[in-house]
Amino acid sequence: MEESAPRAITGSPEHKPSAHNERVAEAIGRFDGIRVRYERQDAAISALDLIRRTGLHNPGQPKRGAYLVAPFGAGKTVMLELLRDFVDESSGPMPGQCPVLLVEIDTAGTTDSVPTAILASLGEPKATAGREGVRWIRATEALRRHGVQLLVFDEFNRAARRHTVAGSIATAIRQHVMDAGVCPVAFVGSEDARTALKMAPGLRQRLGAPIKMDPIDWADEEVDRAIYLEFLDALDAAIVDADILPNISGLARRSTAEKLWLASRGSIRELCSIIREALVEAVGRGSDRIERVDLEYATDGYAIENRFISVNPFAA
């Protein structure tokens, strides 16, 4: 991609506070609704969908599972939302059915919190009622009634916060859901999730090879850098398509893209957070695109302030 010559900063700082805030809020609301898929998300979606489909071909039999362990900010949760939407769209209207159920492990990290979280995610009344055994019976019945084909536990790293019960949580899920033939299960989380799974060897033997969503490595020019540039190009276009800014900002230009990689450390979530903050600056001053000064302010306000990095690459 060709580099563009430096140009003057556009836009005017003159505005009324209420009008300014409304304009920025509308832009950020639209940005937060953007979902741009990239190759690693697509690969993870495909792998999890295969687990789901496989379970459909052996009804009533014990199910296998999968696990995805990746650093914070790799885009795991957005990937799961895209998976759910993909399956919903491909399955067609099914009132009351939930083919892919996303459940967050409770911060309490206890065995009885798991069936409670399942019931709550399905919208079942009185999710906390009854003893643990009764809740598990209710949870598995609800999973079958709602047609759940894949049960996904997000933030499974929370199960490792209490090492004495981490193995019990994983084992309970295997026994009540997988062994009972209810549906396949996917475990998703940061590195601590791997620790929790290691404490349940019986479960680990039922999981396939790990699904990977590693941070982007700029040095890998042939694969990772190409993925990163494609993502930036698509995000830039999505911002224009969403009527947030009228013109392309050139986020995928090499000089800009490399600085964004340095600022975000290859993390997709950190990258999107920086772009989001840059939009606040650009829209606030009435610019027709995101410019370098916006990215510099955004990196200072997000990446430097949160101590993710110590040097702002856009300030050089």
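I count a contact when heavy atoms lie within 4.5 Å. The model is predicted, so I note that local features need pLDDT of at least 70, side-chain atom pairs count only at pLDDT 80 or more, and totals for chains, interfaces and linings use all residues. Residues are numbered from 1 along each chain as its sequence is written, and side-chain values use heavy atoms, with hydrogens and water left out.

**Entry 1: D49**

I looked up D49 and found it in helix α2, residues 39-56. Helices (H or I, at least four residues) and strands (E, at least two) are DSSP runs, numbered from the N terminus. Is D49 buried or exposed? D49 is buried, at a relative accessible area of 7%. Buried means under 20% relative accessible area, exposed over 50%, and partly exposed in between, with a 1.4 Å probe and protein chains only.

I then listed what D49 touches. Setting aside neighbours within four places in sequence, D49 is in contact with L83, F86 and V87. The D49 side chain also makes a polar contact with the side chain of R53, at 2.7 Å. A polar contact is a pair of N or O atoms within 3.5 Å; within protein, one must be able to donate a hydrogen and the other to accept it, and residues adjacent in sequence count only if both atoms are side-chain atoms.

**Entry 2: positive phi**

Most residues other than glycine have a negative phi. I noted E155, where phi is near 55°, a positive value. E155 is in the loop between β3 (150-154) and α6 (163-178). For D243, phi is near 60°, also positive. D243 is in the loop between α9 (224-241) and α10 (254-264), and D243 is exposed, with a relative accessible area of 59%.

**Entry 3: aromatic pairs**

Rings of Phe, Tyr and Trp (its six-membered ring) pair if their centres lie within 6.5 Å; planes under 30 degrees apart count as stacked, over 60 as edge-to-face and the rest as tilted. How many aromatic pairs does this rule give? The count is five aromatic pairs.

One of them is Y38 with F231, edge-to-face, at 5.7 Å centre to centre and 75° between the planes. Y38 lies in the loop between α1 (17-32) and α2 and F231 in helix α9, so this pair ties together parts 193 residues apart in sequence. Y38 is buried at 4% relative accessible area, and F231 is buried at 4%.

I also looked up F156 and F187, an edge-to-face pair at 4.8 Å centre to centre with 70° between the planes. F156 is in the loop between β3 and α6 and F187 in strand β4 (residues 185-189), 31 residues apart. Both F156 and F187 are buried. With F153, these two form one aromatic cluster.
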